[in-house]
Amino acid sequence: MTTQEFLSYMNSGQEVIAFSDVHLKMTELSNKAMEITVELNNVCHTPDEIKSLMEKLTDKEFPDGAYMFPPF
């Protein structure tokens, strides 16, 4: 299941069944998000590194001129 398929399913309001493909994708994405936020919160980063980590976390481009002050 792709991330886009997962998001579409979640936006549909349908039930998430334990151990289904949707549930497994949710677990995968949650674990990825936890890894990235641990990295953001526990290591000192340059603004470019923060931008890169935020793009990994959100799967979207981090806007130019935006800045984040971890911990997140």
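Some bookkeeping first. Because the model is predicted, local features need pLDDT of at least 70 and side-chain atom pairs count only at pLDDT 80 or more, while totals for chains, interfaces and linings use all residues. Residues are numbered from 1 along each chain as its sequence is written, and side-chain values use heavy atoms, with hydrogens and water left out.

Helices here are DSSP runs of H or I, at least four residues, numbered from the N terminus. Two packed helices are described by the angle between their axes and the distance between the axes. The axes are lines fitted to C-alpha atoms over the stretch in contact, and angles run from 0 to 180 degrees between N-to-C directions.

I start with helix 2, residues 21-42, and helix 3, residues 47-58: their axes come within 9 Å and cross at roughly 165°. That makes helix 2 roughly antiparallel to helix 3, the term for angles over 145 degrees. The crossing of helix 2 and helix 3 is left-handed, meaning that the near helix is turned anticlockwise from the far one by less than a right angle. In contact, which means heavy atoms within 4.5 Å, are Lys32, Ala33, Ile36, Thr37, Glu39 and Leu40 of helix 2 with Ile50, Leu53, Met54, Lys56 and Leu57 of helix 3. By class, this contact has seven nonpolar, one polar and three charged residues. Nonpolar covers Ala, Val, Leu, Ile, Met, Phe, Trp, Tyr, Cys and Pro, charged covers Asp, Glu, Lys and Arg, and the others, Gly among them, are polar.

Next, helix 1 and helix 2. They pack at about 115°, axes 10 Å apart, and are therefore roughly perpendicular to each other, a label for 65 to 115 degrees. Their crossing is left-handed. From helix 1, Thr3, Phe6, Tyr9 and Met10 meet Val22, Lys25, Met26 and Leu29 of helix 2. That contact divides into six nonpolar residues, one polar and one charged.

Beyond its neighbours within four places in sequence, tyrosine 9 is in contact with Gln14, Glu15, Val16 and Val22. Tyrosine 9 and valine 22 are 13 residues apart in sequence and 7.8 Å apart in space, C-alpha to C-alpha.

Which residues line the largest pocket? They are Thr3, Gln4, Leu7, Leu29, Lys32, Ala33, Lys56, Leu57, Thr58, Asp59 and Lys60. The lining divides into four nonpolar, three polar and four charged residues.

Last, the backbone. Most residues other than glycine have a negative phi, and most peptide bonds are trans. Phenylalanine 19, in the loop between helix 1 and helix 2, has a positive phi, near 70°. A cis peptide bond, omega about 20°, joins proline 70 and proline 71, and proline 71 lies in the segment after helix 3.

Technical notes
Helix = DSSP H or I, 4+ residues; strand = E, 2+ residues; numbered from the N terminus. Parallel < 35°, antiparallel > 145°, perpendicular 65-115°, else oblique. 1 Å grid on protein atoms, 1.4 Å probe; cavity = no way out; pocket = protein on both sides within 12 Å on 5 of 7 lines; lining within 4 Å.
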